[in-house]
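Dear colleague,

I am handing over the structure below, and I would be glad if you could look through it before reading my notes. What I found follows after it.

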Amino acid sequence: MLIAITAVVWRYRERRYLVFGWTLFVVTLLPVIGIVQVGLQAMADRYAYIPLIGLFVMMVWELE
């Protein structure tokens, strides 16, 4: 799923907001799923809403 969405974003890369939103989503998702540990916790599920900001950026700018 991530590869498919990345391919779609790459296809429409002239729409900079898609690239920005997707990059923000993927980068902020890394600590949430535990790939990059930030602090004492192994997983930060309580911060799962932060990666959604990237998806909201993509949706809002697409609807505009």
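In this predicted model, the axes of α2 and α3 approach to within 7 Å of each other, and the angle at which they cross is roughly 165°. Because angles over 145 degrees count as roughly antiparallel, α2 is described as roughly antiparallel to α3. The crossing in which α2 passes α3 is left-handed.

The other helix pair I looked at is α1 with α2, whose axes come within 10 Å and cross at roughly 155°. That angle is again over the cut-off of 145 degrees, and α1 and α2 are therefore roughly antiparallel to each other. The crossing of α1 and α2 is left-handed. For orientation, two packed helices are in general described by the angle between their axes and by the distance between those axes.

These helices belong to a chain that has three helices and zero strands, so that, reading from the N terminus, the order of elements is α-α-α. Of the 64 residues in the chain, 17% count as buried.

Within helix α2 you will find Val19, which counts as partly exposed because its relative accessibility is 32%, a value between the limits of 20% for buried and 50% for exposed. Between the C-alpha atoms of Val19 and Thr6 there is a separation of 8.8 Å, although the two residues are 13 residues apart along the chain.

Which residues form the salt bridge? The structure holds one salt bridge, and it is formed by Arg15 and Glu62, with 3.1 Å between the closest N and O atoms. This pair links distant parts of the chain, since Arg15 is in the loop between α1 (2-11) and α2 whereas Glu62 is in helix α3, 47 residues away. Both partners are partly exposed: Arg15 has a relative accessibility of 32%, and Glu62 has a relative accessible area of 38%. As a general point, side chains of opposite charge can pair when their charged atoms come close.

The last item is on the surface, where Tyr47, Tyr49, Ile50, Leu52, Ile53, Phe56 and Met59 form a nonpolar patch, and together these residues have about 660 Å² of accessible area. One of them, Tyr47, is found in the loop between α2 (16-33) and α3 (52-63). With a relative accessibility of 35%, Tyr47 counts as partly exposed, and this value is also over the 30% that residues need in order to be part of a patch.

When you open the model, you might begin with the salt bridge between Arg15 and Glu62, and then turn to the nonpolar patch that includes Tyr47 and Met59.

Methods. Residues numbered from 1 in each chain as written. Predicted model: local features only at pLDDT ≥ 70, side-chain atom pairs only at ≥ 80, totals over all residues. Heavy atoms only, no water. Patch = residues over 30% accessible without salt bridge, like charges linked within 9 Å, V, L, I, M, F, W, Y side chains within 5 Å. Areas by Shrake-Rupley, 256 points an atom, 1.4 Å probe, with all protein chains shown as cover. Salt bridge = Lys/Arg side-chain N within 4 Å of Asp/Glu carboxyl O. Helix = DSSP H or I, 4+ residues; strand = E, 2+ residues; numbered from the N terminus. Buried < 20%, exposed > 50% of the residue type's maximum accessible area, 1.4 Å probe, protein only. Axes fitted to C-alpha atoms, helices over the stretch in contact; angles between N-to-C directions. Parallel < 35°, antiparallel > 145°, perpendicular 65-115°, else oblique. Left-handed = near helix turned anticlockwise from the far one by under 90°.
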